[in-house]
Amino acid sequence: MSATTTETPTGIAPASPRRLVDIVLRARTFGILGVLVLLVLITTAIQPRFLHASNIQFILASTALYALVAVGETFVVITRNVDLSVGSVVGLSADVSANMFQAHHGIAIPVVFLVGLGVGLACGLVTGIITAVGRVPSLVVTLAMLYIIRGVDTLIVGSGQPVANALTNSFNNIFHATILGIPDVAIAVAAVVAVAAYYLRTYRSGRELYAIGSDPDAARLGGIPIGRQIFGAFVLSGALAGLGGVLWATQYNTIDATAATGLELQIIAAVVVGGVAIFGGSGSVVGAALGALLLETITSALNVLGVPSLWTGDLRLPAARGDHTRPRNPAPAGRCATPKEGSPWRLKPAPSKSASRRSCAGSQAWRSPWSPC
Amino acid sequence: MRWESGLAVALVAVLIFGNSVSSQFFSSYNIFTLCTNIGDLALLALPMTLIIITGEIDLSIASVLAVSAETLGALWTHHWPMALIFVVCLAIGALAGLINGVLITRVGLPSLAVTIGTLTLYRVLANVILGASTVSNFPSPFNNLGVTGFLGISWLSWSVAIFLVAALITGVVLRMTPFGRSLYAIGRSQEAAFHAGIRVKRTKLLLFVLSGAVSAAVGLLYAFELSSAGENIGIGFELQVVTIVLLGGVSIFGGKGTIRGVALAAFVYAGSRSALLLTPSFNENDFEVVSGGLLILSVLVPNAASFAQRARILMRRGQIRNRRKLLALADAEVLDRE
């Protein structure tokens with residue numbers, strides 16, 4: 001977002017934006033898939049163990065949590081907001097749901113999922129109300145909620161290490177259960193992703209989310225109930241993070257008040273790698289889910305190849321790259337797609353002149369990336 | 001009322017509250033602890049303020065701090081001279097900031113995404129530099145920074161003393177120099193600033209380099225204060241620093257904010273934390289709720305006026321539309337009360 005442009009903002013040809021967006025989105029998704037396939041091929045060539053069924057199952061099952069939370073985050077990011085509180089919501093929900101077993105022996109598992117969902121909904125409601133009604137920047141609100149929810153978490157469970165042995169086997173088995181070799185949780189999350197993708201693509205209110213993210217002022221003038229839509233996005237994000245918390249509890253045996261600390265950054269990384277523009281208005285949940293899958297696969301690949309897990313963190317830097325292509329500034333689709341190719345290990349995106357110019361050419365008046373509503 | 005005046009009132013209130021909670025609050029030991037807790041965060045808040053004023057953000061500061069601290073540890077175990085270590089650490093910090101800045105200004109990526117990425121990247125590098133070991137045998141004048149007061153003043157920590165000087169300089173630069181004023185111009189409208197002849201990209205790049213270098217310097221200071229450099233040093237600092245800056249009345253949209261406000265906010269933050277910790281039945285983790293609440297208040301309060309106005313308009317609109325309904329409701333309420 002910089003200003004050294006000699007092009008006038010009006011100098012951009014109003015090409016058919018719908019088709020361009022479609023092309024770009026598809027190119028992005030294919031780009032991620034390409035990288036994913038390449039990664040799997042290379043890793044398997046070096047270490048055939050990587051393609052072992054149990055490893056693939058583990059990758060899919062552990063992606064499920066990230067993909068689920070990333071779906072909610074995508075809804076929020078599309079509206080040009082950001083939800084930094086998801087990590088804390090996952091932590092709180094994980095603690096509460098694990099504590100349910102401690103408090104009520106033999107509690108039914110669906111009830112635990114409902115409780116987790118409820119916890120997430122409550123958090124999402126609070127965040128949504130403050131953001132939408134107070135019209136304050138979501139970055140600040142969710143940063144505050146990150147603290148508050150984590151603090152509430154600590155108040156509820158104390159800072160010890162509860163629930164390690166109170167979880168029932170059937171609960172822990174949720175994470176490991178498979179149908180036809182595919183983990184249950186992965187199937188369930190894939191269904192959620194499909195529904196969310198269909199909603200965003202087809203439903204009027206789904207399209208309105210994109211409109212809000214592209215240009216909040218225009219959306220307001222266009223009669224879109226901005227506040228309500230953003231509120232809805234935050235509630236959804238909270239709810240999915242709440243469910244994610246229960247998944248977290250099934251996945252990890254030791255759960256304490258620091259569970260899922262810092263998860264929000266991984267989720268945002270997955271979302272941005274998945275091609276969702278951090279300034280809103282473009283991206284898809286399928287991309288976000290694939291982004292989560294890609295990051296998880298990279299982690300696993302590095303583990304299999306014997307690279308210490310310390311190193312995996314730097315792979316999130318490509319997160320920054322995803323935003324390179326912004327369909328709001330119509331540019332030839334081929335050019336938009338280029339930065340997605342290439343290795344995810346590259347630290348710096350190739351600094352192409354067209355890219356830096358494009359990123360500022362389309363911005364009419366410069367606006368802050370995290371303006372409210 | 002100006003935001004800074006409100007903060008000054010809040011600071012006085014916090015001090016009175018602290019004194020009423022415990023007579024220990026104003027003991028020189030407690031004030032010293034308070035100072036050591038806040039000095040480093042406040043120092044990090046200075047470049048962060050400048051960056052947020054230009055409408056960007058730098059979330060990688062804590063990781064740069066860690067890189068610097070762990071480089072210090074690693075080089076010290078290899079018996080490098082201290083002066084050389086300082087130079088190397090500051091250079092590494094500046095380089096880290098330069099990478100952020102180039103990605104943001106020259107490649108044109110959003111600072112939020114870039115610095116979230118480098119937050120993890122630099123943290124990983126830091127852990128690689130020193131591994132799982134912890135270095136704590138720093139030489140004596142440095143090792144005492146966290147224990148002895150500044151120039152023999154027992155309640156004033158070195159970090160806060162350095163912060164006060166640095167804040168004064170930053171405040172003067174921000175308020176009285178063309179460079180400082182240009183930051184506000186950039187934050188208000190990047191396009192307008194550019195057309196007014198301000199070198200927007202170069203200024204931002206400079207700020208990110210500055211932020212990196214300051215973070216590295218604070219990393220050294222912090223390691224000396226703890227008299228150890230190890231894994232996870234300074235983890236999560238970035239969010240606390242952003243909290244302090246926003247609490248200081250700096251607008252996240254850019255173009256607004258003063259160093260005075262940030263300095264006051266730092267002391268309100270530290271004071272309320274210290275006072276609350278002195279109350280029985282309050283533990284450290286509960287403060288997260290308080291700081292989160294403060295953060296929400298800091299954005300809600302400036303909006304309160306417009307919010308009230310909007311509510312009034314909505315109510316009026318609603319009244320016209322549903323006057324009958326409202327009247328009926330009001331009647332029911334009156335009846336209830338009777």
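At what angle do helix H4 (residues 109-134) of chain A and helix H10 (residues 226-251) of chain A pack, and how far apart are their axes? In this predicted model, the angle comes out at about 150 degrees, and the axes of the two helices sit 6 Å apart. As for handedness, H4(A) passes H10(A) in a right-handed crossing. The residues that make up this contact split into 20 nonpolar and eleven polar, with no charged ones.

How confident is the predictor about chain A overall? The mean pLDDT of chain A is 73, with 72% of its residues at 70 or more. Where pLDDT is low, the predicted coordinates should not be read in detail.

Over in chain B, B:Met82 belongs to helix H4 (residues 82-106) of that chain. Is B:Met82 buried, exposed or partly exposed? Being buried takes 20 or more other C-beta atoms within 10 Å, and being exposed takes 12 or fewer; B:Met82 has 15, so it counts as partly exposed. B:Met82 can also be placed relative to B:Leu72, which is ten residues away along the chain: the C-alpha atoms of the two are separated by 8.6 Å.

Note on methods. Residues are numbered from 1 along each chain as its sequence is written. Chains are lettered from A and ligands numbered from 1 in the order in which they are written. This is a predicted model: local features need pLDDT of at least 70, side-chain atom pairs count only at pLDDT 80 or more; totals for chains, interfaces and linings use all residues. pLDDT is the predictor's confidence in each residue, from 0 to 100. Axes are lines fitted to C-alpha atoms, for helices over the stretch in contact, and angles run from 0 to 180 degrees between N-to-C directions. Helices (H or I, at least four residues) and strands (E, at least two) are DSSP runs, numbered from the N terminus. A crossing is left-handed if the near helix is turned anticlockwise from the far one by less than a right angle, and right-handed if clockwise. Ala, Val, Leu, Ile, Met, Phe, Trp, Tyr, Cys and Pro count as nonpolar, Asp, Glu, Lys and Arg as charged, and the others, Gly among them, as polar.
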